[in-house]
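Here is a short briefing for a first look.

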Amino acid sequence: MEPGEYRPPGKKRRRRCLIISVVAAVVVIIILGVVLGVSLRPNTDELKQTFTDRCKAFKEYDCEKIWDVFVQAFVGKDPCNVPMEAYNPLIDAAPFKPACNRMMFWSKTKNVVHDFTDKRDCYVTLEDTLLGSVMDGLNWCGKEGSQEIFTTGCPGWTDCEKNPVRSFWNRASAAFADVACGDVSAMLNGSIATPFSPSSIFATIELVRFNSTRVKSLNVVLVTQKTEVTDCTNPSLKDLQKELDQGIKYKCTEVSESRIEACGADPQIPCGGCW
Ligand SMILES: *[C@@H]1O[C@H](CO)[C@@H](O)[C@H](O)[C@H]1NC(C)=O
Ligand SMILES: *[C@@H]1O[C@H](CO)[C@@H](O)[C@H](O)[C@H]1NC(C)=O
């Protein structure tokens with residue numbers, strides 16, 4: 001044995017101890033790293049998963065490509081400065097197809113209209129299209145100087161005008177209205193004082209895009225409840241008619257909420273026979 005090779009037993013134990021502590025520290029650091037890494041980027045994965053799952057229901061689209069184009073619209077940008085035009089490439093990547101005579105617009109009747117269109121194939125709302133259904137109910141934003149996607153802490157609908165979610169819905173609504181054709185329907189709320197609200201997306205974005213060269217008529221379905229507040233003589237509906245492109249025929253029908261529900265539940269009632 002060489003003199004330098006001699007190690008007293010105590011030193012050996014101490015060395016083993018040291019090795020164990022180093023290994024433990026490494027394990028703790030790895031675990032911490034995993035936990036931190038996950039908590040820093042959960043939103044991207046979650047949003048992308050929901051996006052992809054919903055997108056895949058529409059088989060004819062390249063969902064991976066649409067996701068990439070979608071992200072470009074807002075990632076790395078001030079979440080109060082994303083104009084609706086930022087989504088132009090997204091609309092180009094997944095264009096809206098005209099569904100003549102079946103297009104249904106709505107304002108303040110979201111639950112009733114979707115309950116109906118989910119059950120019956122009579123009408124198509126924006127939320128029944130690829131982009132509308134993929135983004136429905138979701139929240140997202142980016143941050144200047146960051147590649148992250150956030151789904152919490154984003155500006156709310158009215159916090160600032162040009163937030164990523166609001167601009168998306170404005171842009172998608174515009175694109176949907178741009179392809180409106182034939183007989184177009186709009187479900188408005190007869191339980192409120194102003195069924196045609198001048199600040200609604202329907203008023204500011206959609207109606208103004210209906211063009212008489214493509215849209216033949218607008219059929220307003222005014223959804224009434226037992227305690228009816230407004231009917232088709234409502235002054236706001238006169239404003240609607242003034243806003244409507246000349247040459248588009250206008251009609252308003254009062255339909256009870258229960259009639260719409262019954263219609264949704266009964267496939268025997270033909271689409272045109274609900275109201
Ligand atoms: C109309 O608006 C009222 C008040 O916001 C709401 O309670 C009701 O559910 C709406 N009606 C429809 C058909 O969505
Ligand atoms: C409707 O479309 C025609 C032809 O594309 C265009 O010239 C006209 O300005 C449009 N009208 C409205 C109200 O947008």
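This is a predicted model. Cys154 is buried, with a relative accessible area of 14%. Its disulfide partner is Cys141.

**Cys141 and Cys154**
- The sulfur atoms of Cys141 and Cys154 lie 2.2 Å apart.
- The angle about their S-S bond is -85°, and the link is left-handed.
- Both cysteines sit in the loop between α6 (130–135) and α7, 13 residues apart.
- Cys141 has a relative accessibility of 3%. Buried means under 20%, so Cys141 counts as buried.
- Cys154, at 14%, is buried by that cut-off too.

**Cys100 and Cys181**
- A disulfide joins Cys100 to Cys181, with 2.1 Å from S to S.
- The torsion about this S-S bond is about -100°, so the disulfide is left-handed.
- The pair links distant parts of the chain, 81 residues apart.
- Cys100 lies in the loop between α4 (88–93) and β1 (104–107).
- Cys181 lies in the loop between α7 (164–178) and β2 (182–189).
- Is each end buried or exposed? Cys100 is partly exposed, because its relative accessible area is 41% and that class runs between 20% and 50%.
- Cys181 has a relative accessible area of 6%, so this end is buried.

**Cys263 and Cys274**
- Cys263 and Cys274 are joined by a disulfide, 2.1 Å from S to S.
- The link is left-handed, with -105° about the S-S bond.
- Cys263 belongs to helix α10 (residues 257–265). Cys274 is in the segment after α10, eleven residues apart from Cys263.
- Cys263 and Cys274 are both buried.

**Ligand 1**
- Asn189 places a polar side-chain atom 2.3 Å from an oxygen atom of ligand 1.
- Lys108 approaches through its backbone: an N or O atom there lies 3.4 Å from an oxygen atom of ligand 1.

Conventions: Residues are numbered from 1 along each chain as its sequence is written. Chains are lettered from A and ligands numbered from 1 in the order in which they are written. This is a predicted model: local features need pLDDT of at least 70, side-chain atom pairs count only at pLDDT 80 or more; totals for chains, interfaces and linings use all residues. Side-chain values use heavy atoms; hydrogens and water are left out. A polar contact is a pair of N or O atoms within 3.5 Å; within protein, one must be able to donate a hydrogen and the other to accept it, and residues adjacent in sequence count only if both atoms are side-chain atoms. A disulfide is a pair of cysteine sulfur atoms within 2.5 Å. Helices (H or I, at least four residues) and strands (E, at least two) are DSSP runs, numbered from the N terminus. Buried means under 20% relative accessible area, exposed over 50%, partly exposed in between (1.4 Å probe, protein chains only).
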